[in-house]
Amino acid sequence: MKISIIQIKLAWEDKTANFSRIETLIPDVDPDTDLVVLPEMFTTGFSMNPEKLFEKPRSDTYSWLLNLAVKGKYGICGSYIVKEKGRFLNRWILVTPEGRSWSYDKRHLFVMSGEEKSYSRGRERVILKFRDARICPNICYDLRFPVWSRNRNDYDLLINSASWPEARRDVWLALLKARAIENQCYVAGANRIGTDGSGISYCGDSIIISPKGEVLAAAKKNRECVITADISMKELSAFRKKFPVLKDADDFKLTD
């Protein structure tokens, strides 16, 4: 399975401009890619103004993603602002060329920015199957909470779509590698670059990591680009059989 991450400089609260930015990088995606990963809130930047930026489920952005998926013959995923049942949600979605989709609503809202005042948190841990990989989606701040993404022998790839500030770039890289090693899974972290409307700077550091903690592909700092890596379910299975740490993991139950 081949994964590509698009690292972009997001325009503040400008969906049309961000669609255009992403489309300029689409030709750099490997034609054999199975899955394209975009950052958190890739249509707007990390905005606390959902009242003026929200979409209904399966509206403009969903249609745009579906069009890219059909043209590229790959799945494409990332998060954007959705309003459903009276709630604003930071929603990650994966859309396939066949028109299938799965969604995950961000669980851990970033209180330091007041995200919990503008959005409702997700309640459901999501595992989905796309092509030959079982995928666990996370969004940005979720990365700091290992219990939420603990592998219960039920996924192979952890995806984190993020707006992770440059000031904490060392934390970003350390946590992504830790999640890969402790969960014996591949990890794809997609981050943005540029400065947002709140003056916060982002430098990217998008990365794809192996279950052994090896860097398979890494984006350069502060540069729009596409990175790609192959992940192998066969190799992952062999590694887990040879070094079966997941069977010794502690049992636990999540409470709301």
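The model is predicted, so local features need pLDDT of at least 70 and side-chain atom pairs count only at pLDDT 80 or more, while totals for chains, interfaces and linings use all residues. Residues are numbered from 1 along each chain as its sequence is written, and side-chain values use heavy atoms, with hydrogens and water left out.

Let me turn to the chain as a whole. Its secondary structure comes to six helices and 14 strands; these are DSSP runs numbered from the N terminus, helices being H or I with at least four residues and strands E with at least two. The protein chain has a radius of gyration of 17 Å, which agrees with the value near 18 Å that a compact globule of 256 residues would have. That radius is taken over C-alpha atoms, and the globule rule is 2.2 Å times the number of residues to the power 0.38. Along the principal axes, the C-alpha atoms fill a box of roughly 50 × 40 × 35 Å.

Of the 256 residues, 57% are buried. The accessible surface comes to about 11400 Å², and carbon and sulfur atoms account for 48% of this surface. Such areas come from the Shrake-Rupley method with a 1.4 Å probe, and for residues only the protein chains shown count as cover. As for contacts, meaning heavy atoms within 4.5 Å, 66% of those between residues at least 6 apart in sequence join residues at least 24 apart.

How are the buried residues of helix α1 arranged? Seen down the helix axis, they fall within an arc of 125°, so they line one face of α1. The arc is that of the directions from the helix axis to the C-beta atoms. The helix spans residues 15-25, and its buried residues are Asn 18, Phe 19, Ile 22 and Leu 25. Their packing partners are β1 (2-7), α3 (60-72) and β14 (225-230). On the other side of α1, Thr 16 and Thr 24 are exposed.

I now come to the charged pairs. Side chains of opposite charge can pair when their charged atoms come close. A salt bridge here is a side-chain nitrogen of Lys or Arg within 4 Å of a carboxyl oxygen of Asp or Glu, and this rule gives a count of 17.

Our opening residue, Lys 221, belongs to one of them: its partner is Glu 166, and the closest N and O atoms are 3.3 Å apart. This pair links distant parts of the chain, 55 residues apart, with Glu 166 in the loop between β8 (157-161) and α5 (169-183) and Lys 221 in the loop between β13 (215-218) and β14. Glu 166 counts as partly exposed, because its relative accessibility is 27%.

Another salt bridge joins Arg 91 and Glu 84 at 2.7 Å, N to O. Arg 91 counts as buried because its relative accessibility is 9%, whereas Glu 84, with a relative accessible area of 29%, is partly exposed. In the salt bridge of Asp 248 and Lys 247, the closest N and O atoms are 3.4 Å apart, and both residues are exposed. Finally, Lys 15, Glu 55 and Asp 60 are linked in a salt-bridge network.

The backbone also deserves attention. Most residues other than glycine have a negative phi, and most peptide bonds are trans. Met 41, however, has a positive phi, near 45°. Met 41 is found in the loop between β2 (35-37) and α2 (50-53), and it is buried because its relative accessible area is 0%. Arg 131 has a positive phi near 50° and sits in the loop between β6 (128-130) and β7 (133-139). Because its relative accessibility is 37%, Arg 131 counts as partly exposed.

Lys 212 is exposed, because its relative accessible area is 52%. Which residues does Lys 212 contact, leaving aside its neighbours within four places in sequence? The contacts are with Ile 181 and Phe 239.

Conventions:
Buried means under 20% relative accessible area, exposed over 50%, partly exposed in between (1.4 Å probe, protein chains only).
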